[in-house]
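I opened this entry to look up a sheet and the nonpolar packing. My notes follow the structure.

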Amino acid sequence: MSGKIAEIEEKDIKSILDNVKLTRGVDFNDYAQSSLRRRITRFFEINRIFNVSEFNAKIRNDDKFAEFFINEITVNVTEMFRDPSFWVFLRDKVFPDLIKRPVLKIWHAACSTGEEVYSMGILLKEAGFQNNIRIIATDLNQGALDQAKTGIYKLNNQKLNQKNYEMFGGKSTLSEYYSKNNNEVTYDSNLIKNVKFQKHNLVSNNSFSVFDLIICRNVLIYFNLGLQDRVLHLFNNSLTPESYLGIGSKESIDRTRAEKHFSTISFDEKIYKKI
Amino acid sequence: MIQKPEIIVIGGSAGSYSIVRKILASLPANFSIPVVLVLHRLKEARNGFDESLNNISKIKVTEPLDKQRIAASQVYLSPANYHLFIEKNKTFALSISEEENYSRPAIDITFDSACDVYGEKLLSILLSGANGDGAAGILNCHEKKAYTIVQDPAEALFNIMPNAALRLFSPHELLTSDKIIELLNTLNQK
């Protein structure tokens with residue numbers, strides 16, 4: 001890689017991951033290797049770490065450092081209404097079916113800093129779907145969950161969010177949903193009044209409830225095929241029959257155990273229905 | 001002298017699209033070497049680009065899905081708003097992590113991961129562009145024994161990208177777009 005710090009060898013990655021698992025209980029071994037390696041190299045560069053033994057000592061002894069590492073390795077980049085056509089499909093094709101149910105339970109799995117949770121809040125509000133909806137949003141990263149709860153985001157990002165919202169066909173403007181303070185915006189907490197945030201690691205935790213809709217977008221891309229299979233199996237076990245799963249538009253359930261349990265509702269938007 | 005590569009990765013930005021179109025129009029239907037295109041694109045222009053390239057290409061152009069296996073006789077276009085990695089088992093892996101060099105897809109990322117996997121079996125080409133993405137990546141390819149070609153900045157519509165690479169190293173070839181096309185068309189016979 002093109003930094004000042006020498007490339008990290010594969011055996012060093014193994015040592016790093018084993019140590020993180022041992023000392024912090026978070027297992028990154030089944031993450032997609034190429035992007036994981038780049039993120040670890042980036043972490044070494046940012047923190048001026050020059051060798052693996054230095055890293056291993058720090059991860060053992062320094063809680064702040066460990067938290068920062070886990071935060072850096074888990075990608076927390078997201079947008080509101082990312083891929084607007086996905087949200088249009090949800091609103092126009094999926095919710096008309098779901099909303100007939102007496103209680104509707106939604107799981108935002110690996111919700112990161114919560115942009116899609118607020119997107120969902122806006123979708124539901126504008127479509128008038130607000131009764132009997134219970135939403136659980138989970139992530140393994142406590143810092144990301146804390147930010148999601150506050151709904152505070154960078155003002156800079158709102159331009160892109162607004163563009164997505166317009167392409168989604170929003171009824172208003174996004175600024176109706178947030179208040180501005182300096183370089184930050186705070187989204188209306190009413191949008192998440194049905195939402196419970198909790199810590200959950202898709203890699204190591206089990207199914208904890210059943211849902212009518214699971215949204216987990218651009219998370220599987222960070223996992224290897226074996227881990228994707230396990231996580232999709234977990235989703236399958238967490239859905240009632242006739243319920244929906246939405247993943248990232250470039251992700252796929254092909255070549256996994258879950259494949260035969262789902263029918264494809266939209267190939268382009270990667271929305272599946274449990275058979 | 002260039003050997004037949006196992007894969008070709010082409011990076012470009014502003015001023016590279018017309019060259020890419022010319023390249024795809026020129027390659028024969030039986031061109032078997034997989035080609036990966038990493039081009040800076042508008043984030044929200046998610047659809048349509050692969051179709052427009054398909055209209056002129058005799059080889060099928062697709063945007064790869066995550067974990068898709070790299071196959072012969074395919075052109076892969078990196079999807080808008082994703083970074084494109086190549087894994088050791090010759091599958092694609094995607095990421096939406098931070099932009100690098102103000103870019104997602106970042107050309108550096110695909111070059112870096114491709115040369116890790118393919119080494120001297122890789123042909124890397126860097127075209128016209130108005131930022132420095134791809135320069136460090138093609139240098140890394142060169143150091144890992146890949147064959148490297150940079151578009152002649154004198155001909156490039158935007159010379160910042162090729163010049164950024166040339167400041168770092170001397171590629172195996174510095175070629176005009178016509179010569180790049182000519183060279184690509186000799187590879188199938190090798």
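Which residues does F69(A) touch, not counting residues up to four places away in sequence? I found I16(A), V20(A), F28(A), I40(A), F43(A), F55(A) and I59(A), with contact taken as heavy atoms within 4.5 Å.

The model is predicted, so I note its limits: local features need pLDDT of at least 70, side-chain atom pairs count only at pLDDT 80 or more, and totals for chains, interfaces and linings use all residues. Residues are numbered from 1 along each chain as its sequence is written, chains are lettered from A and ligands numbered from 1 in the order written, and side-chain values use heavy atoms, without hydrogens and water.

Next I looked up the cores (buried Ala, Val, Leu, Ile, Met, Phe, Trp, Tyr and Cys residues joined through side-chain atoms within 4.5 Å; buried is under 20% relative accessible area with a 1.4 Å probe, protein chains only). The largest has 78 residues, and F28(A), I40(A), F55(A), F69(A) and F235(A) have the most contacts inside it. Helix 3 (residues 107–118) of chain B gives the largest share, six residues. A separate second core of 40 residues includes F89(A) and F197(A).

Then I turned to the sheet. Seven strands of chain A form an open sheet in the order 6-2-1-7-8-10-9, with mixed pairing. Strands (E, at least two residues) are DSSP runs, as are helices (H or I, at least four), numbered from the N terminus; two strands pair if DSSP finds at least two bridges between them. Strand 6 (195–199) and strand 9 (262–266) of chain A are at the edges with a single partner strand each, so one side of each lacks a neighbour in the sheet.

Conventions:
Buried < 20%, exposed > 50% of the residue type's maximum accessible area, 1.4 Å probe, protein only.
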